[in-house]
Amino acid sequence: MRQLIAGNWKMHCLAAEAVALAQGIAAGASGIGAELLVCPTALHVAAVAQALQGSNVAVGGQDCHQAKQGAHTGDIGGPMLRDAGASWVILGHSERRQNHGETDELVREKTLAAVEAGLTPIVCVGETADQRAGGQETETVGWQLAGSLPKPFTGVVAYEPVWAIGTGKTATEQDVATMHAFIREELVRQFGDAGQIIRILYGGSVKAANAASLMAVPNVGGALVGGASLNAEEFLAIARAARAG
Ligand code: PEP
């Protein structure tokens, strides 16, 4: 299956910068066979979707509420993201889990809401440095998968070791291989044959220089890219290193 390269722009870019970044990516994306996605702040989803019209780059949100609509000041519903032009949404990112106290149960509810709204969820899991130091990385990720994914699950999983996000520290290919094999086993245990084809992205300081080796690891279905996705050329170089089929 072709790999997915997803950019998480986090809380970066004013509107004009987001549109310019989207245009830069779209301009170089046409010959790239990997699936491409950018996730700007919700405020800029509509403008970025418009800038990407006619290109092979999709747009996603970075979070959505578990309810369709209602009295939830400051929140964004899945149908609103969809209406603005998003077709994907990142859920349960470690920054949401840490900064907003999101639990596996909440991530599961958000995932259901996203699917109902017509969005494809990218559900993030990953251990902290302390959990890895304590030898609890697979146990942690196993619990996150069991708690965060609804049955059936029609999205993508992103393995993002928290200690590798925005730190410049990348998991070794061996660590990625071991964890992705474990996640595959868990997905098959939870979902049977359907678990064999769920894409598992790797995220954590992916850049052009390490993309090819990380994308070649078995069970890696693409990358979730933070910092390096804010530069069109760097993001496109990562995308060119990904599998097209
Ligand atoms: C992320 O935030 O999802 C991420 C992987 O960030 P970075 O690539 O900057 O480590």
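A pocket, found on a 1 Å grid over the protein atoms alone, is an open set of points where a 1.4 Å probe fits, with protein on both sides within 12 Å along at least five of seven lines, and its lining residues have an atom within 4 Å of a point. What you're looking at is a predicted model, where local features need pLDDT of at least 70 and side-chain atom pairs count only at pLDDT 80 or more, while totals for chains, interfaces and linings use all residues. Residues are numbered from 1 along each chain as its sequence is written, and side-chain values use heavy atoms, with hydrogens and water left out.

**Stop 1: the second largest pocket.** Select Ile165, Gly166, Ser205, Gly226 and Gly227: of the 16 lining residues, these lie nearest the centre of the second largest pocket. This pocket holds about 150 Å³ of space (the volume filled by probe spheres set on the grid points, which are joined across faces, edges and corners). Its lining has six nonpolar, eight polar and two charged residues. Here Ala, Val, Leu, Ile, Met, Phe, Trp, Tyr, Cys and Pro count as nonpolar, Asp, Glu, Lys and Arg as charged, and the others, Gly among them, as polar.

**Stop 2: the largest pocket.** Now pick Lys10, Gln62, Asp63, Arg96 and His100, the closest to the centre among the 18 residues lining the largest pocket. About 500 Å³ of space lies in there. Which helix gives the most to this lining? Helix 4 (residues 94-99) does, with three residues. (Helices, H or I with at least four residues, and strands, E with at least two, are DSSP runs numbered from the N terminus.)

**Stop 3: two helices.** Colour helix 1 (residues 15-29) and helix 10 (residues 232-240), which pack at an angle of about 35° with their axes 9 Å apart. Axes are lines fitted to C-alpha atoms over the stretch in contact, and angles run from 0 to 180 degrees between N-to-C directions. The contact (heavy atoms within 4.5 Å) includes Leu21 and Ile25 of helix 1 and Phe235 and Leu236 of helix 10.

**Stop 4: two backbone spots.** Go to cysteine 13, in the loop between strand 1 (4-8) and helix 1. Its phi is near 80°, a positive value in a residue other than glycine. Then jump to proline 152, in the loop between helix 7 (137-148) and strand 6 (156-159). The peptide bond from lysine 151 to proline 152 is cis, with omega near -5°.

**Last stop: zoom out.** The chain has 10 helices and eight strands, and its C-alpha trace spans about 45 × 45 × 35 Å along the principal axes.
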